[in-house]
Amino acid sequence: MREPDWKSYIVVEPEPILTPQQCQELIRLGQAEPQSDGAIMVAGHPDKKDYTARKSEISWIPFDKAPKIYSDLLGWMQLVNRNHFGFEGMEMHEAGQYSEYSKGDFYNWHMDVGVNATPTPPVRKISMTLLLNDPKEFEGGELEIFSRAANTNDNFVFKLKQGQALFFASFHVHRVRPITSGNRKSLVMWFGGTPLK
């Protein structure tokens, strides 16, 4: 028994799904919201952060600040889910995370869902990364998804265009490679639903 040929857990849209103007609007909104350190909190130590896991600046864009863009992104997720993932009960429950990565910033290997994927529903099933600025504005910062193939040199590495989106199953281990120059601006979203069966 194997998955049908149409099914895929990593989908990069070949062309941008947001215009440069929409991207600039999300950058403006993200920068206008309160910024916070994107470092991961150390479990059991509420005042300690792990800078070996992540270094970046983040904010959250409220749904009511960009309703049309959020509606468009939900439509894209539903189309991609229908054509590639086949997950049940998918909805948008979490506001988008605006992320800025400057020189030396990174996000080490991680998953976007807990290992046992059993938190109270909705469970994250599809993650989306969308590049908001022109890729000429920075070097490095590629999104890399770990391949379960025997040869780890065969990981999937993506350098996106402005407005281009990558959708992938939230249980995939992935990272943002270190920025070597410039500033990378992105929108990250998670879509979820009933627990995986």
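**Figure 1. Strand β15 supplies the largest share of the lining of the largest pocket, four residues.** Welcome to the first close-up! The model is predicted, so local features need pLDDT of at least 70 and side-chain atom pairs count only at pLDDT 80 or more, while totals for chains, interfaces and linings use all residues. Residues are numbered from 1 along each chain as its sequence is written, and side-chain values use heavy atoms, with hydrogens and water left out. A strand is a DSSP run of E with at least two residues, and a helix is a run of H or I with at least four, both numbered from the N terminus. The largest pocket holds about 260 Å³ of space. Of its 21 lining residues, R54, Q97, Y107, V188 and W190 are the closest to the centre. At least two lining residues come from each of β6 (57-61), β7 (96-102), β8, β9 (123-131), β14 (174-176) and β15 (179-193). By class, the lining has ten nonpolar, six polar and five charged residues. (A pocket is an open set of points on a 1 Å grid over the protein atoms alone, with protein on both sides within 12 Å along at least five of seven lines; a cavity is a set where a 1.4 Å probe fits but cannot get out; lining residues have an atom within 4 Å of a point.) A volume is the space filled by probe spheres set on the points, which are joined across faces, edges and corners. Asp, Glu, Lys and Arg count as charged; Ala, Val, Leu, Ile, Met, Phe, Trp, Tyr, Cys and Pro as nonpolar; the others, Gly among them, as polar.

**Figure 2. Five strands form an open antiparallel sheet in the order β5-β8-β14-β11-β12.** The edges belong to β5 (54-55) and β12 (156-158); each has a single partner strand, so one side of each is left without a neighbour in the sheet. Follow β5 to its partner: two bridges join it to β8 (residues 106-110) in the antiparallel sense. (Two strands pair if DSSP finds at least two bridges between them.) Here R54 has Y107 of β8 as its bridge partner, and R54 and Y107 are also among the residues closest to the centre of the largest pocket.

**Figure 3. Strand β7 is mostly covered, with six of its seven residues buried.** (Buried means under 20% relative accessible area, exposed over 50%, and partly exposed in between, with a 1.4 Å probe and protein chains only.) β7 pairs with β6 through five antiparallel bridges, and W60 stands opposite Q97 of β7. Six bridges join β7 to β15, again antiparallel; look here for S102 opposite N183 in β15.

**Figure 4**

The buried residues of α1 are Q22, C23, L26, I27, L29 and G30. An α-helix has 3.6 residues a turn, so residues three or four places apart point the same way. Helix α1 (residues 20-32) has 13 residues and reaches 18 Å from its first C-alpha to its last, close to the 18 Å expected. (The expected span is 1.5 Å times one less than the number of residues.)

**Figure 5. The second largest pocket has a volume of about 180 Å³.** Its lining is made up of K7, F85, G86, F87, E88, K125, T194, P195, L196 and K197. Sorted by class, these are four nonpolar, two polar and four charged residues.

**Figure 6. Two cavities of 30 Å³ or more are found in the structure.** The largest cavity has a volume of about 60 Å³. Around it you will find T129, L131, F138, G141, E142, L143, F158, K159, L160 and R184, which divide into five nonpolar, two polar and three charged residues. The second largest cavity has a volume of about 40 Å³, and H93, E94, P122, R124, W190, F191 and G192 line it. Strand β15 gives the largest share of that lining, three residues. By class, the lining of the second largest cavity has three nonpolar, two polar and two charged residues.

**Figure 7. R177 is found in the loop between β14 and β15.** With 26% relative accessibility, R177 counts as partly exposed. R177 and N108 are 69 residues apart in sequence, and their C-alpha atoms are 7.4 Å apart in space.
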